[in-house]
Amino acid sequence: IVVTFTGDVKIVDFGIAKSEKATAEDTKDGALKGKVPYMSPEQAAGKDIDLRSDIFAVGVVLFELTTGKRLFKGQNEFETLKLILESDYPAPSDVRPDYPKPLERIVMRALAKRREDRYQSAREMQADLEAFVREERIACSAVNLTHWMQMLFADKLAQQNEALQDIKQLADVIAAQQK
């Protein structure tokens with residue numbers, strides 16, 4: 001997940017995208033593709049996946065962002081896969097007792113073991129998240145996110161602007177010499 005300095009949020013890689021140069025061996029049925037702690041149960045079992053696996057991955061990310069705790073962390077990939085497939089998932093309120101119940105319902109629906117019980121589309125999940133934000137009166141907008149990112153990275157942005165000014169001055173000198 002990438003958050004830009006202008007408040008844009010982009011999901012850039014779910015870890016299962018196929019390269020145009022992938023071979024049949026690379027993408028054979030039953031081969032696990034992706035980041036293990038974010039795999040849906042069907043993906044962890046090597047079954048066919050669809051967009052609901054992405055919903056599950058977003059549910060894992062939302063759980064971790066809002067609780068500050070990793071959801072699936074085994075000693076190795078095998079243990080992590082077992083946690084995904086066999087364990088009962090903790091509710092966010094198990095980690096943070098003050099966790100908002102409406103948000104917990106959203107997270108737990110995204111994390112449903114059976115894909116039929118999950119959100120059936122990202123838009124459906126988005127609608128519930130937006131309703132939660134409205135009901136809780138959480139100030140979130142691209143403008144707020146822009147201000148927050150610029151505050152967090154003020155030093156880095158200042159360095160970047162300084163470097164851009166140096167480059168502009170150099171370009172001006174080169175252009176003047178060419179005349």
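Let me begin with the basis of the description. The model is predicted, so local features need pLDDT of at least 70 and side-chain atom pairs count only at pLDDT 80 or more, whereas totals for chains, interfaces and linings use all residues. Residues are numbered from 1 along each chain as its sequence is written, and side-chain values use heavy atoms, with hydrogens and water left out.

I turn to the overall architecture. The protein chain has eight helices and two strands; helices (H or I, at least four residues) and strands (E, at least two) are DSSP runs numbered from the N terminus. Read from the N terminus on, the order of the elements is β-β-α-α-α-α-α-α-α-α. The accessible surface of the protein chain comes to about 12400 Å², and 54% of that surface belongs to carbon and sulfur atoms. These areas come from the Shrake-Rupley method with a 1.4 Å probe, and for residues only the protein chains shown count as cover. Of the 179 residues in the protein chain, 27% are buried. Here buried means under 20% relative accessible area, exposed means over 50%, and partly exposed lies in between (1.4 Å probe, protein chains only). A contact is defined by heavy atoms within 4.5 Å. Among contacts between residues at least 6 apart in sequence, 55% join residues at least 24 apart.

One pair illustrates such a separation in sequence. Leu 157 lies in helix H8, residues 154-178, and counts as buried at 16% relative accessibility. Its contacts, leaving aside neighbours within four places in sequence, are with Phe 5 and Gln 150. Leu 157 and Phe 5 are 152 residues apart along the chain, yet their C-alpha atoms are separated by 8.9 Å.

Which residues have the most contacts inside the largest nonpolar core? They are Phe 72, Val 107, Leu 111 and Met 125, in a core of 22 residues. The elements that give two or more residues to this core are H2, helix H3 (77-86), H5 and H6. H2 provides the largest share, five residues. By definition, a nonpolar core is a set of buried Ala, Val, Leu, Ile, Met, Phe, Trp, Tyr and Cys residues joined through side-chain atoms within 4.5 Å.

As background, an α-helix has 3.6 residues a turn, so residues three or four places apart point the same way. For Val 107, the contacts beyond four places in sequence are Gly 59, Leu 62, Phe 63, Pro 92 and Tyr 99.

I now come to the charged side chains. A salt bridge is a side-chain nitrogen of Lys or Arg within 4 Å of a carboxyl oxygen of Asp or Glu, and the count by this rule is 12. Arg 109 forms one of these with Asp 128, the closest N and O atoms being 3.9 Å apart. Arg 109 lies in helix H5 and Asp 128 in helix H6, so the pair ties together parts that are 19 residues apart in sequence. Arg 109 is partly exposed at 31% relative accessibility, and Asp 128 is partly exposed at 31%.

Is Arg 52 buried or exposed? At 15% relative accessibility, Arg 52 counts as buried. This residue lies in helix H2 and meets Asp 50 in a salt bridge (2.6 Å, N to O). Asp 50 is partly exposed, with a relative accessible area of 28%. A network of salt bridges links Asp 50, Arg 52 and Arg 115. Not counting residues up to four places away in sequence, Arg 52 touches Glu 42, Arg 115, Glu 116, Arg 118, Tyr 119 and Gln 120.

A further salt bridge joins Asp 117 to Arg 114, with the closest N and O atoms 3.0 Å apart. Asp 117 is partly exposed at 41%, and Arg 114 is partly exposed at 48%.

Finally, the surface. Ile 1, Val 3, Val 9, Ile 11 and Leu 65 make a nonpolar surface patch of about 490 Å². Patches are made of residues with over 30% relative accessible area and no salt bridge; like charges are joined within 9 Å, and nonpolar side chains (Val, Leu, Ile, Met, Phe, Trp, Tyr) within 5 Å. Ile 1 is in the segment before strand S1 (2-3) and, at 60% relative accessibility, counts as exposed.
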